[in-house]
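Please keep the sequence and the three-dimensional view at hand while reading.

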Amino acid sequence: MDVITTHTNTDMDGLASMVAAQKLYPEAAMVLPGKLARNVEEFLSLHKDAIIFYSAKQIDLNKVNRVILVDTKSPRRVGPIGEIAKKNGVDIHIYDHHPRADGDLSGSVELTENVGATVTLLVEKIREAGLPITPLEATIFCLGIYGDTGSLMFTNTTTRDAEAVAYLLKSGANLAVVSEFLGRPMTEEQKSLLKNLLINADRHQINGVKVLISRAKTDEFVVGLAMVTHTISEIERLDVVFVLVEMEDRVHIVGRSSIPQANVGEILKHFKGGGHAGAASATVKNGDLDEVAWELLDIIYNNIRPPLCAADIMTSPVKTVGPEMSIAEAGQIMLRYGHTGLPVVKDEKLIGVISRRDVEKANHHGLGHAPVKGFMSVRVVSVPSDMPVSEIQELMINRDIGRVPVVEDDGRPIGIVSRTDLLRTLHGEIQSRHRIVYKNGNHVSRRNISWIMRRNLSPPVWSFLKEAGKIADGLGYKVYAAGGMIRDIMLGQNSIDIDLVVEGDGIKLAQAIGEAFQVKVRKYRQFGTAQVIFSDDLTIDIATARVEFYAYPAALPQVESSSLHQDLYRRDFTINAMAVCLNDKKFGSIVDFFDGRDDLDKGLIRILHNLSFIEDPIRILRAVRFEQRYNFEIEQQTLNFLKEAVRQGVLAKVSPERIWEELKHILVEKEASRMLRRLEGLKVWLFIFPGVNYWEVDPVLRDLPGSIDLIKKWGFWVSNEKWLPYFIALLHWSSAEVAGQICERYHLSRRQTEKALAALHGWRETVAMIWKSPENVKVSQLAKQLMTMPRESYPMLLAILEEDWIKDRFRQLLNTIMDSKPSINGKYIKSLGYRPGPAFKETLDALWQERLDGNIINEEQEKDFVRQYMARLAEGDAKC
């Protein structure tokens, strides 16, 4: 016999999950384990003729050979069936959304996943099996999901719950019935209990978290304690609520949490309870109410993590201005660093704040020369570094302010929190991550990726980084590996693109490393950078931490010394703005001011500030390159900024040399064709290849990567200039005039231009000859035509030849050309007594064509042919 059961004090999710489970196990009997929640009791009294339930007394427990548990795994919570489930030979199937706790049963079938309601999991299984459901069943399932997710508003709600509800509504679920049974008024007993709990509530602040613990006693059992607890949470609006009620011989505990650092499920595990991070319950048999309450308080103190505070989300170090600085200068600093407001500091003390709006107003009235102190706000609201984010949010709302400086006890500003910082936190972009902590004003990461570095870097690079950190220690410098190297390491790739950033003198560190390794150092003093050259394949770039700013859009950057924060802030995207400390004591500690690691995990390309594409339009091409290389997505706001920058034509302001350098990077990428297609879709094509029709060359570009791989597989060389095959393919449909203009625009060499134009002029005739029947064209004619084409055009030709059989013919032609090279050369002709001259080349070309056509097959025949051919030429010359 199979039975389906759930936990005692059965709620709507338990009831709905039982009904859903019977759809999957139609022969099983649904057995109610004991007491029911009031709304469940009322629902069943109305629908008892439509849904058949049994009590444990109505079935022969000795005949049970399979138990299907829903919405629980605990044998203590399923009444008499719990003892049956423990017996050997009883098969157990479990469907539950609660995390595993000590003493839970295990089953031969287990579906335990983190969703808002257990019935969501069962509805998904019903959909997969294609089982029909009636409107009544759909309504019951909706009751379960809405009941356990607070009508999809509790923090434990997932997209899967919402998708299940949408399916149930399509199946005829009646929301009027759902509303009626979920919105039942409290009984007099529940109202009385609620009043007692509110009167006896104790409020605590634990690690910045506001906690309410309320307790009460009642002579009789009162159902619906979870609903009462939820009501208290709604009334009090605190972070965490625990309700303890002594009823009969047990203390019942229900917990609710609205913040991630307080996991009530983990807290109530101490009492062998179960539940989620946001909602959980437990029962203590024969416990004393006051003793359980004090024990719970101790556990809360040990389990609640400190909340995110100002120091965790602020931007630091903060850029400040003095009160005597002019409005125009303050505006330039805001533009340079992408800030919307700046603290005003005098003698290291915060005395005011100047906003971009203040600057714009002053400039509008021609007062750019006036000092900042005349326009700054002096009623400054500041916060300490340990103020919880929830309090900062309340402060910003109540005061209607967009930013708050973070200050030390002595009034010295150490950072600033903006609305953007707060919104990113509230929407989950910061909550779940270990944040950078602050110590003496410096960022020190809590994370260490040295083990990832060791795994993904070659032994020589790993050894170099370790030694570089020790050398920096000796000089008193801080040194970091930064940029693309960290990105690649985090993606599990080896990287030899080593970029070091030094808080100190980068050139001095480079010289010390050069001396230690006895290698060459190239210095660039005007930029504060150097290169340590180990070999042609390994060059280390070392830079003094610096900030770049742009005097006007698309200008070349100007450089000044700065901190690591500003050095990373000058970079293009968050995934390229991470660093790792190399100093011995902190080796491997990751510094991630801009949440690049999170964007890396999510596969997002995100700029660091709103004017990024305006300041350096080359980042438009770079964004597409990284997006397609890693199969990422350009983050939506970043994409909006990119499209706006393209619409404003910022690429037209960039020199062709800079565009070409980035284009060459694209044209050597494995996903070059996808990158070019994406650039066309973003309307960038017009700026990079004016006059070239993308859609004419798109089919060939799509097939080009495979063609290149195929030619390499055949053993034929493609090009040392890896970008050239793509460039030739790009121009092959263009006019000679347009192709010449593109080559001139990007300053291609004469040889490169000639190759591009030769391919343009010759590809049609070459393809036409390859398609001809072997009876109609000699191999020597094919070879002669093919030799007019540069080898870099071969992938393009192969992409144009779509059919497999014609591709194979092309391969055979290449093999024939390679294998038919004559064994003799000009030395043999010279040995016959002839002087070197044009006749040598003519004779050898004629010999090669004869070999291609199969008329000559060995060296003796070659010599005979050459003697006769040279003799005829000599005879002809004599006659002349």
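With the side chain of which residue does the side chain of Arg487 make a polar contact at 2.8 Å? The model examined here is a predicted one, and in it the partner at that distance is Tyr630. A further polar contact, at 2.6 Å, links the side chain of Arg487 to the side chain of Asn576. Arg487 belongs to helix α19, which spans residues 484-490. Its relative accessibility is 5%, and Arg487 therefore counts as buried, the cut-off for that class being under 20%. When residues up to four places away in sequence are set aside, Arg487 touches Ile575, Asn576, Met578, Leu600, Phe626, Arg629 and Tyr630.

At one end of the order, β27 (residues 579-581) and β28 run antiparallel and are joined by two bridges. Within this pair, Ala579 of β27 stands opposite Val591 in β28.

A second sheet is built from six strands. It too is described as open, but its pairing is parallel, and its order is β3-β2-β1-β4-β5-β6. The edge positions are held by β3 (54-55) and β6 (109-112); each has a single partner strand, so one side of each is left without a neighbour in the sheet. The partner of β3 is β2 (residues 29-32), and the two pair in the parallel sense over two bridges. Across this pairing, Val31 stands opposite Tyr54 in β3.

Beyond these sheets, strand β10 (residues 250-257) contains His252. Is His252 buried or exposed? With a relative accessibility of 11%, His252 counts as buried. Apart from residues up to four places away in sequence, His252 touches Phe221, Leu225, Val243, Leu244, Val245, Met247, Ala282 and Thr283.

The nonpolar cores complete the picture. The largest has 123 residues, and those with the most contacts inside it are Leu465, Leu500, Leu676, Phe689 and Phe727. Phe727, leaving aside neighbours within four places in sequence, is in contact with Trp660, Leu667, Phe689, Ile742, Cys743, Leu748 and Ala756. A second, separate core comprises 45 residues, including Ala21, Phe53, Val70 and Val165.

Finally, the cysteines deserve a remark. How many disulfides does the structure hold? The number is zero. Cys142 has a relative accessibility of 0% and counts as buried. Cys581 likewise counts as buried, at 6% relative accessibility.

How values were computed: Residues are numbered from 1 along each chain as its sequence is written. This is a predicted model: local features need pLDDT of at least 70, side-chain atom pairs count only at pLDDT 80 or more; totals for chains, interfaces and linings use all residues. Side-chain values use heavy atoms; hydrogens and water are left out. Two strands pair if DSSP finds at least two bridges between them. Helices (H or I, at least four residues) and strands (E, at least two) are DSSP runs, numbered from the N terminus. Buried means under 20% relative accessible area, exposed over 50%, partly exposed in between (1.4 Å probe, protein chains only). A polar contact is a pair of N or O atoms within 3.5 Å; within protein, one must be able to donate a hydrogen and the other to accept it, and residues adjacent in sequence count only if both atoms are side-chain atoms. Contact means heavy atoms within 4.5 Å. A disulfide is a pair of cysteine sulfur atoms within 2.5 Å. A nonpolar core is a set of buried Ala, Val, Leu, Ile, Met, Phe, Trp, Tyr and Cys residues joined through side-chain atoms within 4.5 Å.
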